[in-house]
Amino acid sequence: MFQAFFVDPFIMIYDTPLFFVEVLVSGLMAGVMYSLVALGFVIIFKASGVFNLAQGAMVLFAALTFVGLWEMGVNPWLSLILSALVMIGFAFSIERIVLRPLVNQDPIIFFMATLGITYFLDGFGQTIWGGEVRSLDIGIPNEPFMDLADMTGLYINKFDVFSAVVCSFLVVILAGFFTKTKIGRALRAVADDHQAALSVGIPLKTIWTIVWSVAGIVGLAAGILWGSKLGVQFALSLIAFKALPVLILGGFTSIPGAILGGLIIGSGEKIAEVYWGEAMGGAIEDWFAYVVALIFLLFRPQGLFGEKIIERV
Amino acid sequence: MKNLVKKITIVMLIGVVFSLTGLAQAAEKIYVPMLTYTTGPYAPGGIPVDQGFRDYFKYVNASGGVNGVMLDWDTCEYGYNTDRGVECYERIKSKNGQMGVAVFPLSTGVTYALIPRTKADGMVLHSMGYGRTDASDGRVFGHVFTAPMTYWSQASAITRYIGDQIGGLNNLKGKKIALVYHNSAYGKEPIPTLEALSAKYGFKFLKYPVNHPGLEQKSTWLKIGRQTKPDFTIIFGWGVMTQTSIKEAKAIGYPVSKLIGNWWSASENDTRPAGAASVGYKAAGFHTIGKNYQLHKDILAKVYGAGNGSGDKSVVGEVLYNRALVQGVIFTEAIRAAQNKYGNIAINGKQLAWGYEHVNLTSSRLREMGLGGFMKPLKITCANHEGANSLLIHEWDGKNWVNPSKWYSPMYDVTRPMIESSAAAYAKENGITPRSNCN
């Protein structure tokens, strides 16, 4: 047992350092994909203090809409725009039907409301578009860079690199939106106190509609990338569970935290699975991600970049 | 007050008359509670099977029923969720006071949960190509049927196929065979067989569990593709897991032609979403693929021609659709066998179990049913609820399943003693006295 946990993995790393690098890079790339989902959670939490459990369902619904329109013969770019508009329309509906009547309620009430939205959206999406798998090919090959592999022995996947670029682009745009715009600054105020924000003239309805729209569009990006990796199907909604440890680790209010959290979780779970998985019966990566997140919680309950909450009594 | 009592009495009498009429009507039909999943993460597998079942039942009724007795069914959607599956079973197991005759859960988890319940309800549980393998021992599991094949038979037949690819089973010595499996009761089923075969033939057996639903498998395939490099990899996946396995194998440079999916990792829903990565992927089946059989033509004419199809017409002939037809054919043949003994009546579950134990689907009988060459003949007996059958391997060419291999029979000399020993342990654990009048 001691050998399997404390000796063999390190000998393996020492003997095949290139393979370790490969595992690490693959983990980082996977982490970027988790971050993409986590971003949707962060945007809504940052602006409204609502933990939106429906983010996974939004990813699925957005991807189903995109691929459904494309299959109906709509031009893919037009499908993309129409899907984004559908997500904006969805945000309007959520604000009007679900959020507005709940202003100034406890966060747990909002959380339960998003649970309801999750089930509704899962069922509604499948009712409209069906439960079958839909293929989605966006033209990015899911294969290694063979020149790099021949030269260095490192297998880096083209699709993973493309996803990382898309994710980085989104982060830059979102970071700019939250820090440089008037709306971005208003978001913090709304998150802190709904009533106070309303009293100083911040349009709560508009802010909520904007953040749910942005989260929907981020969900669309995540849905397209994950959908072209796995096929667009119900299982996409479950990727939300891969984002949770990322959020715990990175903090619920930090966009850079979501990215860094994704990278740590992605690389950590891959290394653990490859080097320690066998000694523990295999398939440890899912729960290992949560263990890493919980360990971080012990030392930084607010996450790596989360805001430290000080309440006076 | 008197008037009120009178009115209530009349209403109650009308209710009793209606329910008795319903009972009388229902008793003329054979009722089947149908558990389905057309939503949720495993819907892509559940939808074509559900469509195939319904189409076949409609076809049977459109052809005059089974010896004149019509089939009746209610469905319950359970989303491949075991507790909801059990709840569904309890909700629809009977109709108008008439108990269903058989249930086909299409889930190993639900099968395990329903074994004692169906026994208590006097109903047949047919887990075709899934479920509890040791239930093939009819002496212990009198009401459970696993025909035409089980996971253990499948694992041994695939091993035989692999042996054939390298010049014989004796050449397996020193080779590496990996199993990438859904980390559930279902996925773990073939492990005892492969361990036994590994000991017998001297190949190294490597196990790689994948957690539900199998969205992320990068580390698994890094180990396979870059570290252990097995000569062949068997996949026991379901739902999104299979296509992810194929894609990750390709992404890491592991040859897709070395992958062999089991029959639940063998449908168009597994290969199409993986796109070009799945070209060359191989998978098992205990029946052939396509719709060039008389039964398919009849279904298209009588069911779809009448505008009564249960889904998209293009699905007719796909792998999982055809799997449902196998299920339907065995079921109706069991009804016919029971009717030979009990008369052309709406038989009950216990009579159906007798019928199942006397199913004899010969080549000529399969031809009569419009399925000549579709599957190997099948004979179920009292002791052997699996029967004896074979599988074949197809290859995906990017659009269709092609190049069917020859038929490979399981190594029953290995699996049958394991089945009997496991069933005996179950019998002991549950205080069951095995039937002694089976031989």
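Predicted model: local features only at pLDDT ≥ 70, side-chain atom pairs only at ≥ 80, totals over all residues.
Let us start with two strands of chain B: strand S8 (residues 176-182) and strand S10 (residues 232-236) run parallel and are joined by five bridges. Within this pair, B:Leu179 has B:Ile234 of S10(B) as its bridge partner. Strands, here and throughout, are DSSP runs of E with at least two residues, helices are DSSP runs of H or I with at least four, and both are numbered from the N terminus. Two strands count as paired if DSSP finds at least two bridges between them. In general, the strands of a sheet pair through backbone hydrogen bonds, in either a parallel or an antiparallel manner.

Residues are numbered from 1 along each chain as its sequence is written, and chains are lettered from A and ligands numbered from 1 in the order in which they are written.

To return to chain B, S8 and S10 belong to an open sheet of seven strands with mixed pairing, in the order S9-S8-S10-S11-S12-S15-S16. S9 and strand S16 (401-402) of chain B stand at its edges with a single partner strand each, so one side of each has no neighbour in the sheet. H8(B) packs on this sheet and touches S8, S9 and S10 of chain B, and its direction makes about 155° with that of S9(B). Contact means that the C-beta atoms of two residues, placed from the backbone, lie within 7 Å. For the angles, axes are lines fitted to C-alpha atoms, for helices over the stretch in contact, and the values run from 0 to 180 degrees between N-to-C directions.

Chain B also has an open sheet of three strands, with parallel pairing and the order S5-S6-S7. Here strand S5 (102-103) and strand S7 (144-145) of chain B are at the edges, each with a single partner strand, so one side of each is left without a neighbour in the sheet. S5(B) and strand S6 (residues 124-126) of chain B pair in the parallel sense over two bridges. In that pairing, B:Val103 is opposite B:Leu125 in S6(B). Helix H13 (residues 349-356) of chain B packs on this sheet, touching S5, S6 and S7 of chain B, with its direction at about 45° to that of S6(B).

I turn now to some backbone details. Most residues other than glycine have a negative phi, and most peptide bonds are trans. Which bonds are cis in chain B? One joins B:Ala147 and B:Pro148, with omega about 10°, and B:Pro148 is placed in the loop between S7 and helix H5 (151-165) of chain B. Another cis peptide bond joins B:His212 and B:Pro213, with omega about -5°; B:Pro213 is in the loop between strand S9 (204-210) and helix H8 (218-228) of chain B. As for phi, B:Tyr80 has a positive value near 55° without being a glycine, and lies in the loop between strand S2 (70-77) and helix H3 (82-92) of chain B. B:Tyr80 counts as buried because there are 26 C-beta neighbours inside 10 Å. The terms are set as follows: a residue is buried if 20 or more other C-beta atoms lie within 10 Å of its own, exposed if 12 or fewer, and partly exposed in between, with C-beta atoms placed from the backbone. A:Asn104, which is not a glycine either, has a positive phi of about 70°. A:Asn104 is found in the loop between H4 and helix H5 (107-129) of chain A, and counts as exposed because there are 10 C-beta neighbours inside 10 Å.

That residue brings us to chain A, which has 13 helices and zero strands. The radius of gyration of chain A, taken over C-alpha atoms, is 21 Å, close to the 20 Å of the globule rule for 313 residues, so chain A is as compact as a globular protein of that length. The globule rule is 2.2 Å times the number of residues to the power 0.38. Of the 313 residues of chain A, 49% count as buried.

On confidence, pLDDT is the predictor's own value for each residue, from 0 to 100. Chain A has a mean pLDDT of 88, and 97% of its residues reach 70 or more. Among the elements of chain A, helix H4 (residues 76-99) has the highest mean pLDDT (95) and helix H8 (residues 182-192) the lowest (76).

Finally, how many residues of chain A are in contact with chain B? There are 32, and they meet 36 residues of chain B. Helix H2 (17-48), helix H10 (204-230), helix H12 (255-276) and helix H13 (285-299) of chain A are the elements that give two or more residues to this side of chain A. H2(A) gives the most, with five residues.
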